[in-house]
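Please find below a short note on the model under review.

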Amino acid sequence: MNMNEIMERLNEVFRDVFDDKRLVVDEYTTADDIEDWDSLEHINLIAAVEQEFKMKFKMKEVSGMKNVGEMAEIVRERAKR
Amino acid sequence: MVFSSLFFLYLFLPLCMLSYAATKTIKSRNTVLIIFSLIFYAWGEPLYVLILILSAVVNYILALLIERYRDGTGAKAALVFSLVFNIGMLGIFKYSGFIAENINAVFSADIEPPDIRLPIGISFYTFQIISYIVDCYWEKVHAQKSFPKFLMYVSLFPQLVAGPIVRYSTIESEINMRRTTIDDLSSGITRLIFGLSKKVIIANNLSTIVDSFFGSEIKGLSVMGTWYAVILYAMQIYFDFSGYSDMAIGLGRIFGFHFDENFNYPFICRDVSEFWQRWHISLGTFFRDYLLYLPLFGKRRKYANLFLVWFCTGLWHGASWNYVLWGLYFGLFIFIEQLVGKKRMKKIPIAVKHVYNKLVIIIGFGIFYFENMKELGNFFKNLIGLNGNKFIDSFVTISLENNLYLIIAAVLFCFPVAKAVGQLVQKSRRFCYVTGTAQVAVNICLLLCSSLLLVDATNNPFLYFRF
């Protein structure tokens with residue numbers, strides 16, 4: 001799976017989780033850029049990404065993720081579909 | 001030893017600063033800090049200082065093992081052992097009496113609660129150690145190879161007894177190499193004096209008033225008297241705790257360390273969730289990073305983990321059910337705010353939000369104060385006049401009249417008034433040459449006032465002996 005495809009599907013997940021059809025994320029997007037992305041919503045986001053890509057994040061990754069790019073990188077390594 | 005004492009301010013600290021300044025290499029500077037930190041701790045805890053050192057030795061070795069056996073199961077085993085050891089130490093020294101009492105109550109057993117006094121600061125330094133060990137396991141930091149350097153991180157007296165919980169990653173480079181600039185020294189001393197004044201001038205005096213209301217049977221208090229005292233109590237804890245954090249951050253800077261902020265004007269928050277992003281920040285981020293994302297509860301983990309975090313936050317503050325209740329109480333309001341959602345929260349008029357969150361926060365401090373459940377019940381009844389108490393009486397009006405200036409100052413300094421004035425003055429070029437002089441004059445005045453109050457201190461409580 002290439003990075004563009006991952007980013008596209010991630011964008012859909014973000015739109016779904018944050019309930020905002022116009023939301024556009026890129027690799028540099030962080031929690032500061034999306035108002036609703038707080039530490040608790042992060043849990044729902046992670047669960048949604050895990051479901052979309054049929055993979056699991058490690059706790060260290062969940063707690064240490066700095067931006068969407070890092071998330072996409074982990075997905076690329078581990079995604080099953 | 002506590003910061004707000006003449007012995008610390010006029011003997012211990014100057015001696016420590018002189019010895020520190022007299023040394024040249026980082027190794028000898030670290031040695032000075034270790035010696036003074038151990039004396040600082042041993043002053044009040046001559047025996048328990050050994051537990052502090054034992055914790056440092058055990059975790060120093062375990063971190064090295066984690067790094068050495070990273071690829072095998074050895075790292076995981078060392079991590080688990082460390083967590084069991086650290087949480088076990090907290091369990092024995094902080095919670096064994098509480099656990100025994102509860103077992104007795106539930107099973108009608110007759111276990112003698114062990115007579116163990118809580119080592120001061122154990123909750124703070126244990127959490128620092130846990131964060132270090134987990135960060136090593138997660139490869140966020142390298143294990144410290146030098147035991148003295150690690151011991152210094154664990155025992156560093158500025159943050160040892162009342163926080164903040166300083167992450168190893170925050171000061172890792174400064175442990176190995178640091179220097180105190182003139183700017184560090186000057187802002188460090190200013191911050192220390194500022195924190196000292198918050199504690200001695202405001203918090204201690206508020207504490208005297210609160211004690212006169214809540215100190216004995218509270219059933220007879222009027223409705224307004226109960227509200228008045230609990231509002232002052234909320235401010236007392238803010239000035240006491242944030243004052244200690246200011247002193248810690250200031251002392252850190254004097255020795256070239258830059259700790260993260262622990263308070264950010266919590267009372268200006270617009271909702272309860274925001275309050276906790278501004279109050280005791282180092283504890284909130286600790287639980288966020290090391291507990292909130294624990295994959296324990298499957299699909300429902302968002303809310304299950306939320307309540308787990310708040311249960312632990314409550315319990316961390318003291319081994320008593322009122323603290324657990326207090327934690328879950330805040331968890332409940334944050335849960336409700338999550339259900340309402342940020343977008344809908346935004347539509348609520350700002351005045352309504354302020355009334356709502358201040359009510360929740362202030363009543364929360366009542367739960368924090370009353371360990372005795374019967375007294376807590378009376379407190380709630382008092383708030384709405386269910387004890388047949390008067391609405392207002394002269395006890396409140398006289399106290400308010402006598403302490404008006406103190407209370408006005410306290411309310412003002414809860415909000416970033418001083419900060420705003422400072423920024424305004426700094427912007428104006430005409431004033432800029434006087435600000436430096438004014439700062440020194442203010443510092444001297446505050447130090448003098450605080451010292452005079454300490455000479456005659458009848459009420460200078462140390463509130464963190466439970467943490």
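The points below take up the nonpolar cores and then the contact between the chains.

1. The structure is a predicted model, and the remarks that follow should be read accordingly.

2. The largest nonpolar core comprises 163 residues. Those with the most contacts inside it are A:F14 and A:F57 from chain A, together with B:F8, B:Y132, B:F157, B:F214 and B:W279 from chain B. Helix α10 of chain B (residues 223-254) contributes the largest share of this core, 16 residues.

3. Both domain 1 (6-178) and domain 2 (184-279 + 290-466) of chain B give residues to this core, so it lies between them.

4. Setting aside neighbours within four places in sequence, B:W279 is in contact with B:I237, B:Y238, B:F241, B:N262, B:F263, B:P266, B:F267 and B:F365. Another core, of five residues, lies apart from the largest one; B:Y95, B:F98, B:A319 and B:V324 are among its members.

5. At the interface, 20 residues of chain B are in contact with 19 residues of chain A. The area buried between the two chains is about 1,800 Å², and carbon and sulfur atoms give 58% of that area.

6. Six salt bridges are found across the interface of chain B and chain A. A:K60 forms a salt bridge with B:E139, in which the closest N and O atoms are 3.8 Å apart.

7. On the side of chain B that touches chain A, at least two residues each come from α12 (281-290), α13 (301-317), α14 (321-340) and α15 (342-347). The largest share of that side, four residues, is supplied by α13(B).

Definitions and conventions: Residues numbered from 1 in each chain as written. Chains lettered and ligands numbered in written order. Predicted model: local features only at pLDDT ≥ 70, side-chain atom pairs only at ≥ 80, totals over all residues. Heavy atoms only, no water. Core = buried A, V, L, I, M, F, W, Y, C linked by side-chain atoms within 4.5 Å. Buried < 20%, exposed > 50% of the residue type's maximum accessible area, 1.4 Å probe, protein only. Domains from an automatic or database assignment. Contact = heavy atoms within 4.5 Å. Buried area = accessible area lost by both parts, 1.4 Å probe. Salt bridge = Lys/Arg side-chain N within 4 Å of Asp/Glu carboxyl O.
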